[in-house]
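Me: I have a chain open here and want to go through it piece by piece. Can you take my questions as they come?

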Amino acid sequence: MSTSRSARDAACSADLGAQYVSPRAGRGSFFDELLSHGILKPLTAPIEGMVEKEDSCNYVAPQGISSVVKYYLKQSGADVFYEYHVTHIFLRDGKWEVSRKMGPPELFDVVILTIPVPQILQLQGDIVNIINERQKQQLEATSYSSRYALGLFYEAGVCIDVPWAAKYITDNPCIRFISIDNKKRNIDPLGLLPTKGKRKLVPQAPESMRYLSLEVIDFGAIRRGSAQSVTSKRKEDDRIKIEGYHILPIPRNRGLCCI
């Protein structure tokens with residue numbers, strides 16, 4: 001749930017992760033809470049190519065999709081720290097000792113890992129003994145692909161004249177989804193702060209290719225060619241933001257592996 005903001009105007013933002021939220025059965029209370037606090041609101045803008053389900057309702061976050069995460073972090077009262085690179089996890093007298101690249105180790109009652117499988121398998125310490133051989137084989141068998149999100153920020157007053165707020169793309173080799181973010185979130189009906197977010201699908205790559213840096217991909221060519229073909233008349237963008245999701249699992253029926 002990533003939201004990026006323009007360096008020139010913090011009110012100009014683009015969601016470069018999840019674009020909208022679709023509720024599942026049994027989770028209505030979560031959505032009621034988020035709606036009552038203004039974190040979410042119903043998606044009313046036109047999304048071309050979206051598959052509509054009967055009696056379904058989708059939601060967007062007016063302040064960006066990252067506001068959902070920020071809301072729950074604030075509710076938890078937890079202290080949030082960034083750029084902590086965990087390297088080792090040990091069990092010490094019923095407590096979990098977590099070591100990182102820089103700084104002293106710390107003790108915790110519970111450790112919850114929400115990182116991709118390859119990074120879990122790189123961790124050292126007692127966590128290595130927790131994962132048995134069968135679980136390790138299942139985890140190692142997970143296949144991955146890369147996704148890239150490209151955000152373009154425009155000067156105020158630029159009008160992107162298309163009939164949709166977002167669109168699923170099926171006939172472009174690079175782009176799979178494009179949105180005019182402020183229009184999608186219905187936060188600027190006059191169109192004064194246009195931003196665009198695009199999501200690029202890259203076919204599954206071999207292991208040796210999965211950690212290529214973004215510099216090897218000519219995003220300039222993508223913007224000049226593919227983006228222009230999607231929006232036909234495209235004004236030059238003011239600022240650019242690229243988000244790389246290098247380790248996204250490819251859904252396959254491999255069964256469940258619980259640790």
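Me: Asp93 to start with: buried or exposed?

Reply: Asp93 counts as exposed, at 83% relative accessibility. Bear in mind that this is a predicted model.

Me: Where does Asp93 sit?

Reply: In the loop between β6 and β7. The hairpin of these two strands has two residues between them. Asp93 has a positive phi near 55°, in a residue other than glycine.

Me: How do β6 and β7 pair?

Reply: They are antiparallel, with six bridges between β6 (residues 86-92) and β7 (residues 95-100). Arg92 has Lys95 of β7 opposite it.

Me: What does the side chain of Arg92 lie over?

Reply: The face of Phe90, at 4.4 Å from the ring centre.

Me: Which ring does the charged end of Arg100 sit over?

Reply: That of Tyr84; the distance to the ring centre is 4.0 Å.

Me: Back to the strands. What is the order in the sheet?

Reply: It runs β8-β7-β6-β9, an open sheet of four strands with mixed pairing. The edges are β8 (106-108) and β9, and each has a single partner strand, so one side of each has no neighbour in the sheet.

Me: In which sense do β6 and β9 pair?

Reply: Parallel, over two bridges, with β9 covering residues 124-125. His88 has Gln124 in β9 as its bridge partner.

Me: Aromatics next. How many pairs in the whole structure?

Reply: A search finds four aromatic pairs. In one of them, Phe81 and Tyr84, the ring centres are 5.6 Å apart and the planes are at 25°; the pair is stacked because that angle is under 30 degrees.

Me: And how accessible are Phe81 and Tyr84?

Reply: Phe81 is exposed, with a relative accessible area of 56%. Tyr84 is partly exposed, at 39%.

Me: Which residues of α2 are buried?

Reply: Ser66, Ser67, Val68 and Tyr71, in a helix that spans residues 66-76. As for spacing, an α-helix has 3.6 residues a turn, so residues three or four places apart point the same way.

Me: Ser67, then. What does it touch?

Reply: Ile39 and Ala61, leaving out residues up to four places away in sequence. Ser67 is in helix α2 and, at 13% relative accessibility, counts as buried because the value is under 20%.

Me: Where is Gly151?

Reply: In strand β10, which covers residues 144-153. Gly151 has 0% relative accessibility and counts as buried.

Me: How far is Gly151 from Ser13?

Reply: Their C-alpha atoms are 8.8 Å apart, although the two residues are separated by 138 residues along the chain.

Me: Last topic, the chain as a whole. How many helices and strands?

Reply: Seven helices and 14 strands. The chain has 259 residues, and 37% of them count as buried.

Methods
Residues are numbered from 1 along each chain as its sequence is written. This is a predicted model: local features need pLDDT of at least 70, side-chain atom pairs count only at pLDDT 80 or more; totals for chains, interfaces and linings use all residues. Side-chain values use heavy atoms; hydrogens and water are left out. Rings of Phe, Tyr and Trp (its six-membered ring) pair if their centres lie within 6.5 Å; planes under 30 degrees apart count as stacked, over 60 as edge-to-face and the rest as tilted. Buried means under 20% relative accessible area, exposed over 50%, partly exposed in between (1.4 Å probe, protein chains only). A charge sits over a ring if NZ of Lys or CZ of Arg is within 6 Å of the ring centre and within 35 degrees of the ring normal. Two strands pair if DSSP finds at least two bridges between them. Contact means heavy atoms within 4.5 Å.
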